[in-house]
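Student: I would like a close look at one part of this structure. Could you take me through the charged pairs, and then show me what surrounds them?

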Amino acid sequence: MMTSDKIPLTVIGGFLGSGKTTLLNHLLSTTSGRRIAVLVNDFGQINIDAQLIAKHEGETISLTNGCVCCSIGSGLDAALIEVLELTPPPDWIVIEASGVSDPARIAEVGLTDPSLRLAGVVTVVSAEDIVSQGNDPLLQETIVRQVSAADLLILNKVDLVCAKRVIEVKDYLTQRFDAVPILEARNAQVPEDILFDTELGRDRASESAVVLHRSTDSDHPFVSYTWTGPGVFSAERLMTCLKQLPRAVIRMKGLVVTDYHGPVLISFAGRRAQFHAIDSDQTSGVVNQLVCIGLPPGCDEDVLHHIVEHCLLAGGTT
Amino acid sequence: MTNAHNRPADAVAYQAKNILTMNPAQPFATHVAVSEGKILAVGDADSMKAWGITDFDTRYKDQVLMPGLIEGHCHLHEGVVWRYVYVGYYSRKGPDGTEWSGLTSIEAVIERLKEHQEKLEADEVLVGWGFDPIYFGSRRMSVKDLDQVSTSRKIVIMHASMHLMNVNTATLNAAGIDRFTDTEGVVKFDDGEPTGELLEFAAMFPVTKMLGNPFRTLGMARESLERFGKVAQYAGVTTATDLVNELPVDGIESLSRITAEPDFPIRIVPAASGMLFDKDVEGCLKRLQELEEFRHDKLHLGIVKLVVDGSIQGFTARMRWPGYFNGSENGIWVVPPSDLPEIVEGYHKAGLQLHIHTNGDEATAVALEALERAITLHPRPDHRHTLQHCQMADRAQFEKMAELGVCVNLFSNHLFYWGDSHYEMTMGPDRANRMNACRTALDLGVPVAIHSDAPITPMGPLFTAWCAVNRQTASGRVLGESERISVQDALYAITMGAAHTLHMNDRIGSIEVGKFADFCVVDQNPLDMSGDKLKDIKVLGTVLGGRPTTLDGA
């Protein structure tokens, strides 16, 4: 598998009471073999099964399944430095943004720190409260920032309101925040693989012809499209194009050859493009591959067609 | 009766040209006797003789004594920043007494960095601090400037706000930041290359990590505390707060040991970080109890700090209508407004004193609502909860503070350092004129202190007093003449006013029998001069618990 040796980072945002902690509890106790480092605001809120706790030292709780949970009470800098120094490094770092903070601001660290790769920003909102919070004069900027930052919105607690209300709330969110992808949830239970972003999911593409295929999963409503083909991309155009991707695209990743980097891993998360250099010995005979994941109808094959059409340099496709 | 019999063996009486006691019952004196670290007698030569003291220590005979000054809002980081080279716009006195001249151009900053570089090892990172681009108009520092200092050595320049930094190309390369680093925190030239200016936590993180997070980890290290003590001494300060401390047990244990040393020149008052404990008020109380054994006369624990919003110049303060003058969107909450009532009630009910950071007037409104609720539910006389900064409060809010018995510690230094930006950019004329309204607060009977928030602005209560008296900005503009206060009121604010907000007015803040013998030694009587000269008074030394502390070069 092609990797950049960077640790994927997911930031979970959302106002107090939306269900962030429930989601984290769920992740920590049910993870399928990934060693997750979770940075939380408050140990008091997190409710880890006592049998799972291997040891508790100061700001860090280690679990028997290899996960760790680290308190960011003493500052995000300190906590993040601590988990980056873990040996072996965690497979995935998940930061719980505080209930009033802007997850986009935190997520940027996945774009700036060389050991990290931003995998996504997920904001949890409560179906019961989000409309009143969004209209509260003291809270509305906070809520707008949290929802706008999200690649994926988890509309939690849908079981606590009637079906009609769920539709109203989704309409409210769509009208106010464009076609932000929404995943309904109860008890903040969402498939781990939707939150986790693997790097390219299969071995280096072998096809050299232009291929586009679609895949779906019965577990969730998202689709993914993969394009493979030859050519050289313009790095500048690619960055511009990625920034303009429709809201329905949750994330995108790929291995491409650009005029600036040569072969490079790219990804799109947190509404931002990232380029991750790869070892030169991995680069011979690279075939471009782009994967796009999102929610229909906004996320379809046109998304990839558009990128290929606009960003491949002339003479690239033959 | 024999007077000699009464004289305590260790008693020393100091004779001064004048003593401003800040005790309204006896405002002036010429002699003060000390014993067991406390004030034994205040008055003239005869008052000393009544205690059998006829020999006077005359080292201060040509000087003026005031109560030791009190910095009611500063941070131990002041002792960390001086590890690095100062590159601020205004002159600032370092812990060794060196007056570092202000650097009024980016070229001057580059020159100082070049000089300083000579003292460093080849692989050592060159770190500067205190830089503030606000004074250079549209000219921003960039890699083009810093690369002139070195293309191989990593260079990091912290801005005064600590929310921004500038780095050189070597640092950008080490951090892996380039034109394709697509985040708002990485500022770019028009051609897409990074300028080297990094904004906020995320963009700064790779560099923070590289430096070892010193501002977070080194505040209570011995060398930082010693530097902090020296800075305070030069400012005439004998009691200073550390207005947010996570109270790690080992850190406080060491702080306790170091401050207890006879030569350590100040008393320190750390405030527990209410943000660390969030809604777990019990947890904070428990920690304070664990730390009980570390308290002593020079280390006072028990106050709690809460932060409600951000800063005005960073556009992160929460403002009511009409919001920011330049149209910036409203600021951020640090503690959720919906949690504040419960947290405030918890601490209030437990009998603790809260120091609540509010900059914008909406944050002040939310804090006052939470306080009113807690005080109404659990009436408690003399709680002395204090709003810290509280820069934008209007008259109605000060009236509410007066009704609730809430104190205020205003950020008068802002008037000078950022007053022009507040007038032109952040608040506009009307609200810039009402900022840090000392006069209104005093008129309404709200207990007032004023502060520097060092290291954000330099520690120097006499300068802070000058700001409150003159309300003059860096460009010379006067903001809200009607909010000026008298020299007497300003001196009160930096002594008894601050002592009151720390609930220590029974021990410090005035030269009065029974209080700690803490003095500030100055070259002239501030009451004999016009208010615009207040900042020119020279601090010549301090006395702590009766012990004169020495200042190099003063």
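Tutor: Start with Glu184(A). Its relative accessible area is 38%, so this residue counts as partly exposed. Keep in mind that the model is predicted.

What does Glu184(A) pair with? Its side chain meets that of Lys170(A) in a salt bridge, 2.7 Å from N to O. Glu184(A) sits in strand β9 (residues 182–184) of chain A, and Lys170(A) sits in helix α7 (residues 163–177) of chain A, so the bridge ties together parts that are 14 residues apart in sequence. Lys170(A) is partly exposed too, with a relative accessible area of 26%. The general idea is simple. Side chains of opposite charge can pair when their charged atoms come close.

Over all chains, the count is 52 salt bridges. Here are two from chain B. Glu292(B) bridges to Arg295(B), with the closest N and O atoms 3.8 Å apart. Glu292(B) is partly exposed at a relative accessible area of 45%. Arg295(B) is partly exposed at 41%. Next, Arg484(B) meets Glu481(B) at 3.9 Å, N to O. That still counts because the cut-off is 4 Å. Arg484(B) has 28% relative accessibility and is partly exposed. Glu481(B) has a relative accessible area of 57%, so this residue is exposed.

Now turn to the contact between the chains. Eight salt bridges run between chain B and chain A. One of the salt bridges joins the side chains of Arg179(B) and Glu236(A), at 2.3 Å from N to O. Salt bridges can also link up into a network. Arg105(A), Glu108(A), Lys243(A), Arg272(A), Asp182(B) and Glu184(B) are connected in this way.

How many residues does each chain bring to the contact? Chain B brings 36 residues and chain A brings 37 residues. Together the two chains bury about 3,200 Å², and 57% of that is on carbon and sulfur atoms. On the chain B side, Phe180(B), Asp182(B) and Phe201(B) lose the most area to chain A, together 24% of what that side buries. Asp182(B) also belongs to the network of salt bridges.

Look at polar contacts next. Between chain B and chain A there are 18 residue pairs in polar contact, with both residues at pLDDT 80 or more. α7(B) gives the most, with seven residues. By class, the chain B side has 17 nonpolar, eight polar and eleven charged residues.

Finish with the aromatic rings. The count over all chains is 24 aromatic pairs. Take Tyr89(B) and Phe136(B). Their ring centres are 5.8 Å apart and their planes stand at 65°, so the pair is edge-to-face. The pair links distant parts of the chain, 47 residues apart. Tyr89(B) is in the loop between β7 (85–86) and β8 (92–93) of chain B, while Phe136(B) is in the loop between β10 (126–131) and α5 (143–146) of chain B.

Phe136(B) is buried, with a relative accessible area of 13%. Both belong to one aromatic cluster in chain B, and its members include Tyr90(B), Phe131(B), Trp418(B) and Trp466(B).

Definitions and conventions:
Residues are numbered from 1 along each chain as its sequence is written. Chains are lettered from A and ligands numbered from 1 in the order in which they are written. This is a predicted model: local features need pLDDT of at least 70, side-chain atom pairs count only at pLDDT 80 or more; totals for chains, interfaces and linings use all residues. Side-chain values use heavy atoms; hydrogens and water are left out. Contact means heavy atoms within 4.5 Å. Buried area is the accessible area (1.4 Å probe) that two parts lose on being put together, summed over both. A polar contact is a pair of N or O atoms within 3.5 Å; within protein, one must be able to donate a hydrogen and the other to accept it, and residues adjacent in sequence count only if both atoms are side-chain atoms. Helices (H or I, at least four residues) and strands (E, at least two) are DSSP runs, numbered from the N terminus. Ala, Val, Leu, Ile, Met, Phe, Trp, Tyr, Cys and Pro count as nonpolar, Asp, Glu, Lys and Arg as charged, and the others, Gly among them, as polar. Rings of Phe, Tyr and Trp (its six-membered ring) pair if their centres lie within 6.5 Å; planes under 30 degrees apart count as stacked, over 60 as edge-to-face and the rest as tilted. Buried means under 20% relative accessible area, exposed over 50%, partly exposed in between (1.4 Å probe, protein chains only).
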